[in-house]
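Please view the sequence and the model first, and then consult the points below, which are grouped by topic.

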Amino acid sequence: MPESNRSVAPQPRIAWRFAVMVPLAVAFVVIDQISKIEVRAAQSAGAFPIEVIRGVIGLEYVENRGAAFGLGDGFGWVFVLLAFVMVVASMAYLSRATLVSRFEVVGLGMVCGGAVGNAIDRVTQGFVTDFLTFRFFDFPSFNVADIGITVGVVVALIGFAVLSPANAASGEEGGGGADGR
């Protein structure tokens, strides 16, 4: 049978993709929400600011009504919608793409978890609770969801651009090469 007519099984399998992505996303949402509940309780008790490592990192309660770095103040509903679109688009991509790297799956799980974690805050609080701050340079406060989004984007991009088996399959007959497994 000619190679162009042969059906190629998704790699990694679709069941594996969702068995990794969904629990990873849920873990980020749970850790993010628990940390924010604790931070809001500590703020109510007057515990902030806290120096974790003097001059390096601290905890400081911040109500972020915008997006990354405080941009987009007043457009919280747009970010909730974007979180929903991100989750749906990621699930569609992972269920339809024939070849993806495992890094893409992990990265998208982290991004989706972070997006949902911040969306929950926007819907329930009207703002996102940020609390981690770098002390050795001026950088906006952030939270666990932000870490998931930022690191997840980097991991997914590395997986897509560098480790994707689709790149190897299009570059040489019969596939092979680095696949991020």
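Helices (H or I, at least four residues) and strands (E, at least two residues) are DSSP runs, numbered from the N terminus. The model is predicted, so that local features need pLDDT of at least 70 and side-chain atom pairs count only at pLDDT 80 or more, while totals for chains, interfaces and linings use all residues. Residues are numbered from 1 along each chain as its sequence is written, and side-chain values use heavy atoms, with hydrogens and water left out.

**Overall composition**

- The protein has 5 helices and 3 strands, and along the sequence they follow the pattern α-β-β-α-α-β-α-α.
- Of the 181 residues in the protein, 36% are buried; buried means under 20% relative accessible area, exposed means over 50%, and partly exposed lies in between (1.4 Å probe, protein chains only).
- The protein exposes about 10,100 Å², of which carbon and sulfur atoms supply 68%; accessible areas come from the Shrake-Rupley method with a 1.4 Å probe, and for residues only the protein chains shown count as cover.
- Among the contacts in the protein with a separation of 6 or more, 71% are between residues 24 or more positions apart, where contact means heavy atoms within 4.5 Å.

**The sheet and the helix packed on it**

- An open sheet of 3 strands has the order β1-β2-β3, with antiparallel pairing; two strands pair if DSSP finds at least two bridges between them.
- The edge strands are β1 (50–53) and β3, each of which pairs on one side only.
- Neighbouring strands of this sheet are turned by 35 degrees against each other on average, direction ignored.
- Helix α1 (residues 14–44) packs on the sheet and touches β2 and β3, and its direction makes about 85 degrees with that of β3; the axes are lines fitted to C-alpha atoms, for helices over the stretch in contact, and angles run from 0 to 180 degrees between N-to-C directions.
- Strands β1 and β2 pair in the antiparallel sense over 3 bridges, and the bridge partner of Ile 50 in β2 is Leu 59.
- Strand β2 (residues 57–64) pairs with β3 in the antiparallel sense over 6 bridges, and in β3 the bridge partner of Leu 59 is Leu 132.
- Strand β3 (residues 128–134) is mostly covered, with 6 of its 7 residues buried.

**Salt bridges**

- The whole structure holds 6 salt bridges, a salt bridge being a side-chain nitrogen of Lys or Arg within 4 Å of a carboxyl oxygen of Asp or Glu.
- Lys 36 forms a salt bridge with Asp 32, and their closest N and O atoms are 2.8 Å apart.
- Because Lys 36 and Asp 32 are 4 residues apart in helix α1, they are separated by about one helical turn; both residues are buried.
- Glu 60 forms a salt bridge with Arg 135, with the closest N and O atoms 3.1 Å apart.
- This pair links distant parts of the chain, since Glu 60 is in strand β2 and Arg 135 is in the loop between β3 and α4, 75 residues apart.
- Glu 60 is partly exposed at a relative accessible area of 32%, and Arg 135 is partly exposed at 27%.
- Glu 63 and Arg 65 meet through their side chains in a salt bridge (2.9 Å, N to O); Glu 63 is partly exposed at 36% relative accessibility, and Arg 65 is partly exposed at 39%.
- Salt bridges that share partners join Asp 32, Lys 36, Arg 40 and Asp 121 into one network.

**The surroundings of Asp 121**

- Asp 121 is found in helix α3 (residues 102–124) and is buried, with a relative accessible area of 0%.
- Leaving aside neighbours within four places in sequence, Asp 121 is in contact with Gln 33, Lys 36, Arg 40, Gly 126, Phe 127, Val 128 and Thr 129.

**Helix α4**

- In helix α4 (residues 144–163), the buried residues include Val 144, Gly 148, Gly 152 and Leu 163.
- At the start of α4, a side-chain oxygen of Asn 143 reaches to within 2.9 Å of the backbone nitrogen of Ala 145.

**A cis peptide bond**

- Most peptide bonds are trans.
- Phe 48 and Pro 49 are joined by a cis peptide bond, with omega about 0 degrees.
- Pro 49 is found in the loop between α1 and β1.

Terms used
Polar contact = N/O pair within 3.5 Å; in protein donor to acceptor, adjacent residues only side chain to side chain.
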